[in-house]
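Dear colleague,

I am handing over the structure below, together with some notes on what was found in it. Please read them with the structure open beside you.

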Amino acid sequence: MASNSFFVLHVLVMFSLASLALSDSLSPSFYNHVCPQALPAIKRVVEDAVRKERRMGASLLRLHFHDCFVNGCDASILLDKTATIDSEKTAIPNNNSIRGFDVIDKIKSEVDKCCGRSIVSCADIVAVAARDSVVALGGPTWEVPLGRRDSTTASRTKANNDIPPPTLDLPALINSFKKQGLDEKDLVALSGGHTLGFAQCSTFRNRIYNDTNIDSTFASQRKANCPRSGGNTNLAPLDPTPALFDSKYFSNLVSKKGLLHSDQALFNGGQTDNLVKKYSTNLGSFSKDFADSMIKMGNIKPLTGNQGQIRVNCRKVNV
């Protein structure tokens, strides 16, 4: 009887693994049967990382964004440079600023240990870690569709071209998001991710010294830690509460205190002004739209079925 039970269990596991390999659509329940411990393991590691450094939550969220905007959500951003891999880590939007790789490595190790093998993709880990980071910092939760597979290539050129820089005006921002299948509502909601984290002086220097649609007192405060030359990596918070998911990012925009040029572009007499105003006084509405847009972004061109691979080491392609 015991051997029969074991045989049935073995068949069920093998059937589940085969189903994973063949699935060509994403589902929040993707790992429920083959490794129900996977998502709780990701959450534990993320919560521990955010507890040690609150800023890490914003970094993991940004990692997902920068991954999805380059050939879809396929963990290409995690690949190190090799003779055949043109790593996205050294692209202009990422170089010396993108963070969280060590946390992803730790999550991968813990998840593989829980699952007994490499079943969960690095792309799914990045997506779930972003969600768990937002929750850890007081934000909304959402069901993350799962089943992404990992790329075997990366593109520094596409990272340079497709990740929107902080210098863009509204029409260029709208176009950048439209290329990814995202609309104006997604643009404003996802930009609200800047309720968390910091930016380097080099990304907002031109705004505080040359833009005119900026509160003068706010500009003076930022100049104190961001000189006209030097101090490129000096940090400033993207909103007044950089470790708390709230609506103050949008309140700042209404008050002309957006840190980045691309932030303030969302509230500068254009078609997104009304949505910014709405979010500035309605955290519930922002939270719901943010969660919806995160799901939509996470669905950008995923590799599924037999496409790509499940990397054993998130930093390199399987041999």
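In this predicted model, K185, D186, A189 and L190 of helix α8 are in contact, meaning heavy atoms within 4.5 Å, with F286, D289, F290, S293, M294, K296 and M297 of helix α14. The residues of this contact divide into 6 nonpolar, 1 polar and 4 charged, where Ala, Val, Leu, Ile, Met, Phe, Trp, Tyr, Cys and Pro count as nonpolar, Asp, Glu, Lys and Arg as charged, and the others, Gly among them, as polar. Helix α8 spans residues 184-191 and helix α14 residues 283-298, and their axes come within 8 Å and cross at roughly 110°; axes here are lines fitted to C-alpha atoms, for helices over the stretch in contact, with angles running from 0 to 180 degrees between N-to-C directions. The helices α8 and α14 are therefore roughly perpendicular to each other (angles under 35 degrees count as roughly parallel, over 145 as roughly antiparallel, 65 to 115 as roughly perpendicular and the rest as oblique).

A second pair is formed by helix α4 (residues 101-115) and helix α5 (residues 122-136), which pack at an angle of about 115° with their axes 10 Å apart. On the α4 side the contact is made by I104, I107 and K108, and on the α5 side by C122, I125, V126 and A129, a set that divides into 6 nonpolar, no polar and 1 charged.

Helix α5 also holds D124, which is buried, with a relative accessible area of 0% (buried means under 20%, exposed over 50%, partly exposed in between, with a 1.4 Å probe and protein chains only). Leaving aside neighbours within four places in sequence, D124 is in contact with Y31, P145, L146, G147 and R148.

As for the whole chain, there are 14 helices and 2 strands, these being DSSP runs numbered from the N terminus (H or I of at least four residues for helices, E of at least two for strands). Buried residues make up 52% of the 319 residues. Among contacts between residues at least 6 apart in sequence, 75% join residues at least 24 apart. The C-alpha atoms fill a box of roughly 80 × 45 × 35 Å, taken along the principal axes.

Residues are numbered from 1 along each chain as its sequence is written, and side-chain values use heavy atoms, with hydrogens and water left out. Because the model is predicted, local features need pLDDT of at least 70 and side-chain atom pairs count only at pLDDT 80 or more, whereas totals for chains, interfaces and linings use all residues.

With kind regards
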